[in-house]
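I opened a new page for this protein today.

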Amino acid sequence: MNTPLPVVLAGARGHGRWHLENIRRLQKQGLVRLAGVCELTPLTEEELGDLGTPEQSADFGALLDSTGARIAVICTPIPTHTDLALTAAERGVHLLLEKPPAPSYAEFRRMADGVAAAGVVCQIGFQSLGSHALPAIRELIDQGAIGRLAGLGGAGAWVRDEDYFRRAPWAGKRRLNGVDVIDGALTNPLAHAVATALALGGSTRAEHVSGIETELLRANAIESDDTSCVRITTTQGHPVTVAATLCAEEPDEPYVLVHGSTGRITFWYKQDRVLLQRAGHGPEESDHGRTDLLENLVAHLTTGAALLVPPDETGAFMKVVEAIRTAPDPAPLPDTSWHRIPDENRRVVPGIDGLVAAAADTLSLYSELGAPWALDAEHFSNEVSTR
């Protein structure tokens, strides 16, 4: 039996709790061992539970050295990702790096190139890209089940209360202390919609993107966007349009729509659920499994299994992050276009749920759909060429 691989987790609270529980699951299977936790405030015995007594320190590099870690899971604020990844890489420690991998394309390249030069493996934490639905959908496309691929749409209508934007000093920020953060709807909470749509269209690498249009707005009193859309022009010739909001009237499961000349495929990526609709057939639904990305990284290191999400396969997503970073700051929505729900401490944009769905359905931007608050073109950047 293989010896469990020692893992250090950097960032074990907030979203990091999910990683802590996943490590607990894999430790019970004998695949990994939690050797260290890097947190400013150590985890309590109650938080650790049956994970034993891993070494704890706020010094990530020292912790990697003292524990002999083989893998580091990094779930820390976005601006820290590159430096922490390189700290691990220079020690020969392999990585699971939470998405978004970096706040700018330059920082992404510094991370990816440094990791490659160090000869370590890095998995980017887009969990949806571990879904077994992706190869199944690609096979349907290749078989011509929906005719010619015409484009892809993504829709994310989510709800976040005002406290969400106060959960950390960097939350809702585009920059903090002069450093890029870019914590927007499309780059962080609904980043999976962008990455999954790009992946289903086979447009994952930076060179697959030839142009990007953005419309970035905000109803909340934040710097970053909470209601936004993006249209990506790909070298393969099919557009990718993703619309998102954190101010939905009613929260819904996010999804990606694959448009074909004779049908369409809907993929609810958090549920691994697929709906195929095509001419001459009734609707066909299917449910799929998912490979956990840390488990896949362990398998890659121990058995040579193919790595699911290496950095360069997120290059196209990072081009989107860069376009959002360099776009004009998100425009505040007029006071008349949103209202608060006091009991839920959140802001709602009436009609946004339908606009998000329509954008994915027609591959249109909010302004093209006639949203009155999106018709003022001076709020938005023109198309950015990435070539």
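Before the strands, a term: I count two strands as paired if DSSP finds at least two bridges between them. Helices (H or I, at least four residues) and strands (E, at least two) are DSSP runs, numbered from the N terminus.

Some housekeeping next. I am looking at a predicted model, where local features need pLDDT of at least 70, side-chain atom pairs count only at pLDDT 80 or more, and totals for chains, interfaces and linings use all residues. Residues are numbered from 1 along each chain as its sequence is written, and side-chain values use heavy atoms, with hydrogens and water left out.

**Entry 1: strand β12**

I started with β12, residues 240–245, and asked which strands it pairs with. On one count, β11 (residues 227–234) is joined to β12 by six bridges, and the two run antiparallel. I232 has V240 as its bridge partner in β12. Strand β7 (residues 149–157) also has six bridges to β12, but that pairing is parallel. There, G153 is partnered by T241.

I then checked the hairpin of β11 and β12: five residues lie between the strands, and G237 takes a positive phi near 95 degrees.

Is β12 enclosed or open? Six of its six residues are buried, so the strand is largely enclosed by the rest of the structure. Buried here means under 20% relative accessible area, while exposed means over 50% and partly exposed is in between (1.4 Å probe, protein chains only). I noted the directions too: V240, V242 and A244 point one way, T241, A243 and T245 the other way, and all are buried.

**Entry 2: aromatic rings**

How many aromatic pairs does a search of the whole structure find? I got five. Rings of Phe, Tyr and Trp (its six-membered ring) pair if their centres lie within 6.5 Å; planes under 30 degrees apart count as stacked, over 60 as edge-to-face and the rest as tilted.

One of the pairs is Y105 with F108: the centres are 5.7 Å apart and the planes are at 45 degrees, so I call it tilted. Both residues lie in helix α5 (residues 105–118), three residues apart, about one turn of the helix. Y105 counts as buried at 16% relative accessibility, and F108 counts as buried at 0%.

I also looked at Y366 and W373, whose ring centres are 5.4 Å apart with planes at 70 degrees, so this pair is edge-to-face. Y366 is buried at 0% relative accessibility, and W373 is buried at 8%.

**Entry 3: charges over rings**

My rule here: NZ of Lys or CZ of Arg must be within 6 Å of the ring centre and within 35 degrees of the ring normal. K319 lies over the face of Y105, 4.3 Å from the ring centre. The charged end of R167 sits over the ring of Y164, 3.9 Å from its centre.

**Entry 4: an open sheet and a record**

I traced six strands in an open sheet, in the order β3-β2-β1-β4-β5-β6, with parallel pairing. The edge strands, β3 (55–57) and β6 (122–124), each pair on one side only. Within the sheet, β1 (residues 5–10) and β2 (residues 32–38) share six bridges, and P6 stands opposite R33 in β2.

Last, I checked UniProt: an unreviewed entry annotates residues 7–126 as "domain: Gfo/Idh/MocA-like oxidoreductase N-terminal". Such annotations may be inferred rather than shown by experiment; positions are in the numbering used here and feature names are shortened. In the model, this span is 40% helix and 21% strand, and its end C-alpha atoms lie 19 Å apart.
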